[in-house]
Amino acid sequence: MDVLNVSLIGVGLAMDAAAVSLCKGLAVGKAKPSHCALAGGYFGLFQGLMPAIGYALGITFAGLINAFDHWVAFVLLLLIGANMLKESFEGEGCDYQSKSFAFKVMLPLAVATSIDALAVGVTFSFDLGWLELLMAVAIIAAITFVISALAVRLGSFLGCRYGKFAERLGGTVLILMGVKILLEGLGVL
């Protein structure tokens, strides 16, 4: 998997964190650099950590699924993307309007927004070696850090009206990446 594909997956995965960060920026009002760094740090760390955990799980069970790994990757990315799209059409406004950036507030948000990255990590186990995984994890973490930090700043400036769009974009990107993986596995691409 090349840097562009990993970057696109990273952007897709970062959209949940971006939506939450936009809302955190709205709630806090005037965002300080420390708010941006905290959101970026929490979300970036967990978006990087979860694919590594998923990768370890995928490697453990690789022998069972090697013959149809492209189908597994497709289904996982399709389900994750579809769920993101579904969630983007539910509810109104921001759901994460707590002003707090305390550990007890940010940790559950970081875990919740990175669960989909765990499933992506399983798909990485089909194609990536350890060094490629480290590169992918670093790229995903860095992209999520930057997007989340910027989203806090944007949230304090614009409000959370773009959070739903970000989730829709992320879901669409993940579905398209799943289709690409499936087509490559079937020999179409």
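This is a predicted model: local features need pLDDT of at least 70, side-chain atom pairs count only at pLDDT 80 or more; totals for chains, interfaces and linings use all residues.
Reader: What elements make up the chain?

Author: Seven helices and zero strands. From the N terminus, the order reads α-α-α-α-α-α-α. Helices here are DSSP runs of H or I with at least four residues, strands are runs of E with at least two, and both are numbered from the N terminus.

Reader: Why is Ala151 called buried?

Author: Its relative accessibility is 5%. Buried means under 20%, exposed means over 50%, and partly exposed lies in between (1.4 Å probe, protein chains only). So Ala151 counts as buried. Across the 189 residues of the chain, 50% are buried.

Reader: Which residues touch Ala151, leaving aside neighbours within four places in sequence?

Author: Ala18, Ser21 and Leu22 are in contact with Ala151 (heavy atoms within 4.5 Å). Ala151 lies in helix H6, residues 130-158. The C-alpha atoms of Ala151 and Leu26 are 9.7 Å apart, though 125 residues separate them along the chain. Look at the whole chain too: of its contacts with a separation of 6 or more, 94% join residues 24 or more positions apart.

Reader: What makes Tyr42 and Phe103 an aromatic pair, and of which kind?

Author: Their ring centres are 6.4 Å apart, with 45° between the planes. Rings of Phe, Tyr and Trp (its six-membered ring) pair if their centres lie within 6.5 Å; planes under 30 degrees apart are stacked, over 60 edge-to-face, and the rest tilted. So 6.4 Å makes a pair, and 45° makes it tilted. Tyr42 is in helix H2 (residues 33-60) and Phe103 in helix H5 (residues 103-127), so the pair ties together parts 61 residues apart in sequence. Tyr42 is buried at 16% relative accessibility, whereas Phe103 is exposed at 54%.

Reader: What kind of pair do Trp71 and Phe74 form?

Author: The angle between the planes is 85°, and the centres are 6.2 Å apart. The pair is edge-to-face. Both residues sit in helix H4 (residues 69-88), three residues apart, so about one helical turn separates them. Trp71 is partly exposed at 40% relative accessibility. Phe74, at 16%, is buried. A search of the whole structure finds three aromatic pairs, including this one.

Reader: How do you know that the charged end of Lys24 sits over the ring of Phe101?

Author: The charged end is 5.0 Å from the ring centre. The rule asks for NZ of Lys or CZ of Arg within 6 Å of the centre and within 35 degrees of the ring normal. Lys24 and Phe101 meet it.

Notes. Residues are numbered from 1 along each chain as its sequence is written. Side-chain values use heavy atoms; hydrogens and water are left out.
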